[in-house]
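The sequence and structure come first.

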Amino acid sequence: MSSVETSSSVNKELIAQLKSELGGKFKALVTAAMRVPAEYTARCLRGAMEGLGTSEGVLLEIICTRTPLELVTIKQAYERLFKRDLEEDITSETAGSYKRLMVSLLAGARDQSTTVDQAKAEKEAALLKKNVALWGRDESVLNQILAVRSPAQIRATLAEYEKLTGQDICVKLKRNLNSKLAAGYIAIVGCARNPARYYADQIHKAFAGIGMDEEKLIRIFVSRSEVDLTTIAELYPEVTEGTLREGVRAEATGDFRRGLYAIGGL
């Protein structure tokens, strides 16, 4: 038995015991934190596609923000848990340009080099300008640049785009693409620029509006707890007033609040 299978088996027993003793949001948080990270994420994806309708926000929050290696481990966990192929399920649950974006990312074709080709950045900035237009754009070009190039190359291209247009590309994406596709590309852009700041903004959005988005908050705290949650907390004041601890204190209560404090080291 592999170490992953052993860990998963032990955690299943602990989770079953905890489920019988805990309740509500705190139970959901503790259960999530006890799972093997890739398996937890695979369960989130399966849950987003089960039943009537698909939770597109969960799909893009995960698939558009993970590295190729992380996506490989998630796909493996998905198949191990559900005896299903994640790419096939995503293909059946999405459509059009949004489907092509999801499939491109799951295929793991994104370059991970840290080397930047400046000439390519300048050329592709011009292509971005042309293809984020309201009319006459070729979305396959957006896909090639934003879903396949490395984060370092995307950053260089975006810098050239801003020199060329004097504008943040996210403004055009929101204005000219359908909401799902725009949100996917904006997630990619945000993570290419600074993943921790992107997640700080997403936590702020989970707190905003009528009622806290508890599921989103749990997904971010748990999935980033061993990656960059400390940095996310440091950057949180850049996206809103106050610290992350103050945000949690204002929106969460009781054991759920204390659980978020513990996971976040707040």
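## Second largest cavity

Helix H3 gives three residues to the lining of the second largest cavity, the largest share. Helices here are DSSP runs of H or I with at least four residues, numbered from the N terminus. The elements that contribute two or more residues to this lining are H3 (37-49), helix H4 (56-63) and helix H14 (214-224). The lining consists of Tyr-40, Thr-41, Cys-44, Glu-61, Ile-62, Arg-66, Arg-219 and Ser-223. By class, three of these residues are nonpolar, two polar and three charged; Ala, Val, Leu, Ile, Met, Phe, Trp, Tyr, Cys and Pro count as nonpolar, Asp, Glu, Lys and Arg as charged, and the others, Gly among them, as polar.

The volume of the second largest cavity is about 40 Å³, and a search of the whole structure finds two cavities of 30 Å³ or more. A cavity is a set of points on a 1 Å grid over the protein atoms alone where a 1.4 Å probe fits but cannot get out, and lining residues have an atom within 4 Å of a point. Volume is the space filled by probe spheres set on the points, with grid points joined across faces, edges and corners.

## Model and conventions

The model is predicted: local features need pLDDT of at least 70, side-chain atom pairs count only at pLDDT 80 or more, and totals for chains, interfaces and linings use all residues. Residues are numbered from 1 along each chain as its sequence is written, and side-chain values use heavy atoms, with hydrogens and water left out.

## Packing around H10

Helix H8 (residues 118-131) packs against helix H10 (residues 151-165) at an angle of about 55 degrees, with the axes 8 Å apart. Axes are lines fitted to C-alpha atoms over the stretch in contact, and angles run from 0 to 180 degrees between N-to-C directions. H8 and H10 are therefore oblique to each other (under 35 degrees is roughly parallel, over 145 roughly antiparallel, 65 to 115 roughly perpendicular, and the rest oblique). The residues of the H8 contact with H10 comprise eight nonpolar, four polar and five charged.

The axes of H10 and helix H12 (residues 179-193) come within 9 Å and cross at roughly 105 degrees, so H10 and H12 are roughly perpendicular to each other. Contact (heavy atoms within 4.5 Å) involves Pro-151, Ile-154, Arg-155, Leu-158 and Glu-162 of H10 with Ile-188, Val-189, Ala-192 and Arg-193 of H12. This contact has six nonpolar, no polar and three charged residues.

## H5 and H6

Helix H5 (residues 68-82) and helix H6 (residues 86-93) cross at roughly 90 degrees, their axes coming within 9 Å. Ile-74, Lys-75 and Tyr-78 of H5 meet Leu-86, Glu-87 and Asp-89 of H6.

Conventions:
On a 1 Å grid over the protein atoms alone, a cavity is a set of points where a 1.4 Å probe fits but cannot get out, and a pocket is an open set with protein on both sides within 12 Å along at least five of seven lines; lining residues have an atom within 4 Å of a point.
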